[in-house]
Amino acid sequence: MVARSSEVRPSAVRHSASPGAGGRRRRGAGRLAGLGLGGVALLVLLTGCDVGAAFDGFGWPQGGISAESRRMYDLWIASCIAALAVGVFVWGLIFWCVVRYRKRGNALPVQTRYNMPMEFLYTIAPILIVSVLFYYTAIVQTDVDKLSKNPDVTVEVVAFKWNWQFNYRDGQGPEARTTASTLGTSEVIPVLVLPTNRSIRFEETSRDVIHSFWVPELLFKRDVMPGKIRNVFEVSSLETEGAFVGRCAELCGSYHAFMNFELRVVSPEKYDQFLAAKQGGKSTQDALAAIGEEPYAETTKPFDTRRTQSNFNPDDAPAFPGS
Ligand SMILES: [Cu+2]
């Protein structure tokens, strides 16, 4: 479609007068098609290998250990590839236009204002792209937030300034009973022992202020609220055994940064033995040793808060002169 005649005429005249204009236009279109094909080929090549690993996860943490973390990671990688594809296409168009329509004289190039198909395309295309991204984001988010009726394991996460307590429960909700418990202290990092291949529900509550339960390898964190609120989430399965550091991700006071714990993922058999040992009266450290696990946290250690050293008014402060 062509714009107003007064704007179009000079270039139209120039093009029609030039014997090579049609050929140049065809070559330009050919280059554009080549660029598009090259982009598609590059994408196919990239998706053939582990794109996330090749590009360091496009900034997203790698090494997720739950089924949910893999889905979130895949969504991020697919979104980055889509954004890059759009970016490469737009950058290509910009460079092509810069070269193809560089100034060669005083004649105006072809004016494309009021080109309805073009305007329709660049209105509809972004809406389509955002809709597709929204669709997949909603699917993954719903999946990650999904709660099952009867999870295999329920653990109550109790946060307080500045440590954690983990209660193994015999059911869901505040009415369920605690069958075993692990309490963190200033000297011992609390170790939360959980099994692979079982669905796990985390029920969070705080005794004082807002904290946030965060294990980086779950690629997930959720605020721990005080009062009657129980923040609940689930992982359908943990897929990797090992020790993973956990942190508080909500600024909760002076020693917030010291509020670490450890998630220890073991086989279901070892988990059952651990729980039986705890219910038999063993300490968390003894129960861990009984199943052949390192009794103390391996990924973090208790911090020296230097609480008295940094106190401006220590008990043994010298008296004011003359007092
Ligand atoms: Cu905290």
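This is a predicted model: local features need pLDDT of at least 70, side-chain atom pairs count only at pLDDT 80 or more; totals for chains, interfaces and linings use all residues.
Residues are numbered from 1 along each chain as its sequence is written, and side-chain values use heavy atoms, with hydrogens and water left out.

- His211 in strand β6 (residues 211–215) and Cys248 in strand β9 (residues 242–248) link distant parts of the chain, 37 residues apart.
- Helices (H or I, at least four residues) and strands (E, at least two) are DSSP runs, numbered from the N terminus.

**Salt bridges**

- The whole structure has 14 salt bridges, each a side-chain nitrogen of Lys or Arg within 4 Å of a carboxyl oxygen of Asp or Glu.
- Arg169 forms one of them with Glu156, with the closest N and O atoms 3.7 Å apart.
- Arg169 lies in strand β2 (residues 163–169) and Glu156 in strand β1 (residues 153–160), so this pair ties together parts that are 13 residues apart in sequence.
- Arg169 is buried, at a relative accessible area of 12%, and Glu156 is buried at 8%.
- Glu156 also forms a salt bridge with Arg230, where the closest N and O atoms are 2.8 Å apart.
- That pair links distant parts of the chain: Arg230 sits in the loop between β7 (220–224) and β8 (231–235), and Glu156 in strand β1, 74 residues apart.
- Glu234 forms a salt bridge with Arg201, the closest N and O atoms lying 2.9 Å apart.
- Here too distant parts of the chain are linked, with Glu234 in strand β8 and Arg201 in strand β5 (residues 200–206), 33 residues apart.
- Glu234 is buried, with a relative accessible area of 6%, and Arg201 counts as buried at 10%.
- A network of salt bridges links Glu262, Arg264, Lys270, Glu293 and Glu298.

**Cavity**

- The structure holds one cavity of 30 Å³ or more.
- On a 1 Å grid over the protein atoms alone, a cavity is a set of points where a 1.4 Å probe fits but cannot get out, and a pocket is an open set with protein on both sides within 12 Å along at least five of seven lines; lining residues have an atom within 4 Å of a point.
- The largest cavity has a volume of about 40 Å³, a volume being the space filled by probe spheres set on the grid points, which are joined across faces, edges and corners.
- Its lining consists of Ser66, Glu68, Met72, Val144, Leu218, Phe220, Phe233, Glu234 and Val235.
- The elements that give two or more residues to this lining are α4 (67–100) and β8.
- β8 gives the most, with three residues.
- By class, the lining of the largest cavity has six nonpolar, one polar and two charged residues.
- Ala, Val, Leu, Ile, Met, Phe, Trp, Tyr, Cys and Pro count as nonpolar, Asp, Glu, Lys and Arg as charged, and the others, Gly among them, as polar.

- The largest pocket has a volume of about 440 Å³.
- It is lined by 13 residues, and the closest to its centre are Trp96, Cys97, Tyr101, Thr112 and Met118.
- Nine nonpolar, two polar and two charged residues make up the lining of the largest pocket.
- The second largest pocket holds about 370 Å³ of space.
- Residues lining the second largest pocket include Phe89, Leu93, Met118, Tyr122 and Pro126.
- The lining of the second largest pocket divides into twelve nonpolar, no polar and no charged residues.
- α4 and α5 (116–145) each supply at least two residues to the lining of the largest pocket, and each supplies at least two to the lining of the second largest pocket.

Note on methods:
Buried means under 20% relative accessible area, exposed over 50%, partly exposed in between (1.4 Å probe, protein chains only).
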